[in-house]
Amino acid sequence: MTRNAVLRASSKDPDCSAVPTLDTDVSQLITTIREDVKDITSFYECSYSRTRMRRLRAYLDSRRTELTRVSYSRLDQEGQVDFILLKKYIDRQLEALDASQERNAELEPYLEPFALKLIELLEERQRVAPTAGQRAAGILSTACQDVEAKRAAVKDGHRRCHSGKERLAVYRALGILHELHRLFEEWIGFYQGYDPEFTWWVVAPCKQLLRLLPQLSNSFKENLLGILPGEKDAIIGQPAGGRAILNDLDEQFIAYTPEELIQVAEQEYAWCEAETVKASNDLGYDQDWKSALEHVKNLYVRPGQQTHLVRELAEEAIDYVKKHDMVTIPQVAAECWKTDMMSPERQKENPFFLGGERIIVSYPTDTMSHEDKLMSMRGNSRPFSRSTVFHELVPGHHLQYHMIKRYRSYRSLFSTPFWMEGWAFYWELILWDRGFASTPEDKIGMLFWRMHRCARIIFNLKFHLGEMTPQECVEYLVAKVGHERATAEGEVRRSFGGNYSPLYQAGYMLGALQFYALRKEIVDAGGMTEKRFHDRILKEGEMPIELLRSLLHERPLKREHRASWRFYDV
């Protein structure tokens, strides 16, 4: 393509800011797409917006056409990997838009006719389009009438949930109602005090709307879902089905069936259980490893001391990794991490620590019941926390986030749990092999998490295959891993709340096993030192691990590469 052809193509399509030529820098195209998608979703902020869906589809279609003009054979290996990643990303995003459109259609009985008109007002405000105050007030007033009518119909029993699919739709509708409430608080704040004539019309109906939306949410909870005020949210989810799981496996370049992955988890679980029995014997509990686990759960620190324990355990892990020269830890990464406390409400879904650029400590507050306090403390005992801290900080997630902002950051568009969560859990495998857990208590603490990751694969896949219910998943975690019931409920609620793909929770163990197998192929075979291997992974950035493997082995990939790596024997 000549330079003039490039210019002509660019002028015809405002989205094609850099029409590819034979010398296209795919990494720059990825950066552009990442930021453009971010801008589109930020501008058309409500996830129920049809304009947002249309705009994303048009944009991604134009970029997919653009990508076909790239000469794959002219790209170096890094560029070829970027091309494969980008093509897969665009294809899956377009498929996801189709799925979202179908899911949004399921919400119409709960959100129409008021939601689309309200979103129209929000998007007019984003464009700063001229909007008459009287017209806006009329839309708000009509929306209030619609909301009140829907609430009355729900309270009178004219609408009921008859299936799990309908209940999940109600949960999604609750999320949209929350979005609308937040966005209209911002909407009225934009005008109030700055446009006196406009606000003269709209203040009263907007305040009414902001009062009615939470009331409708409460009616949905009480009358459709059966959740009374003060009760814990029910655990609900919609199985994705076998086809969706296979699509996710294709996206992640995993050459296994769901049934084979369950076999992997069961084999790993059997190893964990045998090792736990050994540690139980060392503690004097013989084969009764659950009694040994109860002993370990009670090794918690007193109230107010958990954050100090986190600091102590973080420094221990950093010192250990530095002493054995296992990975480069920049001084800023080792020094500059923050600590937050997790709210009691958030602990319903996240009973354990979270982390990344900071660590979020899960520990009871004085507002929680006596039973909930004890369950939280026992679920975050010292031996349990020892693994959690280095998983979340260094050499786990905090180090990952530090590095991906500095090396090939454009690949953050391809974020995958197999790379992100797999890396953090991989360190649990490596440090176990090195004897980082030297006491029976610390061994049981590490093995608890390893059993937990095995169980995640099993109960998540079986749920999405329609073989287990959420309550059966809770019982499975209590029986097979030894979870506190509250932490098991939080784990299942988090897994099926709609924020995770069917494979996300499986990514911890499976990603770790991929890194572990790759280490054997490269480090154990003498191809790289341990430190160079770990540094290279972090500097390559986020991607499915099979593609990372091709880079480390310097093996070119075909344009239509499909998953083929069998990293575990089943």
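Figure 1. Pro113 lies in the loop between helix H5 (108-111) and helix H6 (114-127); helices are DSSP runs of H or I with at least four residues, numbered from the N terminus. Most peptide bonds are trans. The model is predicted: local features need pLDDT of at least 70 and side-chain atom pairs count only at pLDDT 80 or more, while totals for chains, interfaces and linings use all residues. Residues are numbered from 1 along each chain as its sequence is written, and side-chain values use heavy atoms, with hydrogens and water left out.

**Figure 2. Asp325 and Arg408, non-glycine residues with positive phi.** Asp325, in the loop between helix H13 (306-323) and helix H14 (331-335), has phi of about 50°. Its relative accessible area is 43%, so Asp325 is partly exposed (buried means under 20%, exposed over 50%, partly exposed in between, with a 1.4 Å probe and protein chains only). Arg408 belongs to the loop between H17 and H18 and has phi of about 45°. Arg408 is also partly exposed, because its relative accessibility is 32%. Most residues other than glycine have a negative phi.

**Figure 3. The edge-to-face pair of Phe390 and Phe436.** Rings of Phe, Tyr and Trp (its six-membered ring) pair if their centres lie within 6.5 Å; planes under 30 degrees apart count as stacked, over 60 as edge-to-face and the rest as tilted. By this rule there are 27 aromatic pairs. In the pair shown, the ring centres are 5.6 Å apart and the planes stand at 90°, so the geometry is edge-to-face. Phe390 is in helix H16 (residues 382-392) and Phe436 in the loop between H18 and H19, so the pair links distant parts of the chain, 46 residues apart. Phe390 is buried at 1% relative accessibility, and Phe436 is buried at 5%.

Figure 4. His561 counts as buried because its relative accessibility is 16%. The side chains of His561 and Glu546 are joined by a polar contact of 2.8 Å (a pair of N or O atoms within 3.5 Å; within protein, one must be able to donate a hydrogen and the other to accept it, and residues adjacent in sequence count only if both atoms are side-chain atoms). Leaving aside residues up to four places away in sequence, His561 is in contact (heavy atoms within 4.5 Å) with Ile84, Phe253, Glu546 and Leu547.

**Figure 5. The largest cavity and its lining.** A cavity is a set of points on a 1 Å grid over the protein atoms alone where a 1.4 Å probe fits but cannot get out; lining residues have an atom within 4 Å of a point. One cavity of 30 Å³ or more is found in the whole structure. The largest cavity is lined by Glu428, Leu429, Trp432, Met446 and Arg450. Helix H18 (417-433) and helix H19 (440-464) each give two or more residues to this lining, and H18 has the largest share, with three residues.

Methods
On a 1 Å grid over the protein atoms alone, a cavity is a set of points where a 1.4 Å probe fits but cannot get out, and a pocket is an open set with protein on both sides within 12 Å along at least five of seven lines; lining residues have an atom within 4 Å of a point. Grid points are joined across faces, edges and corners, and a volume is the space filled by probe spheres set on the points.
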